[in-house]
Amino acid sequence: DQKPESLGLTILDEPSGKQSDLTVLDLHLRAVTKSIAPVPQVVRSIDSVSLRTNPKPLDYWIRNVKELHAAKPAPSVQYSRRMPGIEDLMQVWPVEIEEALSTMTLPSSDLEISLASYARLLTALLDIPTPSPQQKDKENNPPQGGAKRKPSTSTIESLHVLFTLYSEFKNSQHFRSFGRTVGDREDVRAGGAQ
């Protein structure tokens, strides 16, 4: 008939047994495409009388939203410089380094240095690339007048990697199987030394 077919492009053709909830499908597409553009939505509602007699639509909605959240792609961060992978940072250190760390006291927050310097010190101990003060000055424009300096992007990114590493250690099945948690003296790699 020489007419363009829009089935599947503008109209979704599904078997009638189990239809997709339009709102859940829209939420899924927004999550996958990472769309933040405000698009008007039609919001369905269920009146309380029909909900009392038939709670299945609410249960169906809750199940669909749980499935949507479970299937949501993990958040990702684009760093301005190359950062090591979390798996690489979680590798076992050589025995010599482990022994040296077990005999020394790691720097506490009582050091008389700036917060940015302390952050650089901790991330450097864990092999996370950190900017030197000279690099930091290049990244930040010198403050105008009496304005305070903002932390460098690299320092913030290094701290992000540090906290991601901490989270991975905290949730690691390996450490749970040994009865160790982040914060134990032996778990120096996660920054949990006491």
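What does the cover of the buried residues of H3 include? Helix H1 (22-33) is part of that cover. This is a predicted model in which local features need pLDDT of at least 70, side-chain atom pairs count only at pLDDT 80 or more, and totals for chains, interfaces and linings use all residues. Residues are numbered from 1 along each chain as its sequence is written, and side-chain values use heavy atoms, with hydrogens and water left out.

**Helix H3**
- Asn 64, Val 65 and Leu 68 of H3 are buried (under 20% relative accessible area; exposed is over 50%, partly exposed in between, 1.4 Å probe, protein chains only).
- These residues lie on the same side of H3 because they cover an arc of only 95 degrees around the axis (the arc of the directions from the helix axis to the C-beta atoms).
- Lys 56, Lys 66 and Ala 70 are exposed on the other side of H3.

- Leu 58, a residue of H3, is partly exposed at a relative accessible area of 35%.

**Helix H8**
- The 18 residues of H8 (residues 153-170) should span 26 Å, and the end C-alpha atoms are 26 Å apart.
- Buried residues of H8 include Ser 154, Glu 157, Val 161, Leu 165 and Phe 169.
- The buried residues of H8 fall within an arc of 165 degrees, so they line one face of the helix.

Definitions and conventions: Helices (H or I, at least four residues) and strands (E, at least two) are DSSP runs, numbered from the N terminus. Contact means heavy atoms within 4.5 Å. The expected span of a helix is 1.5 Å times one less than its number of residues.
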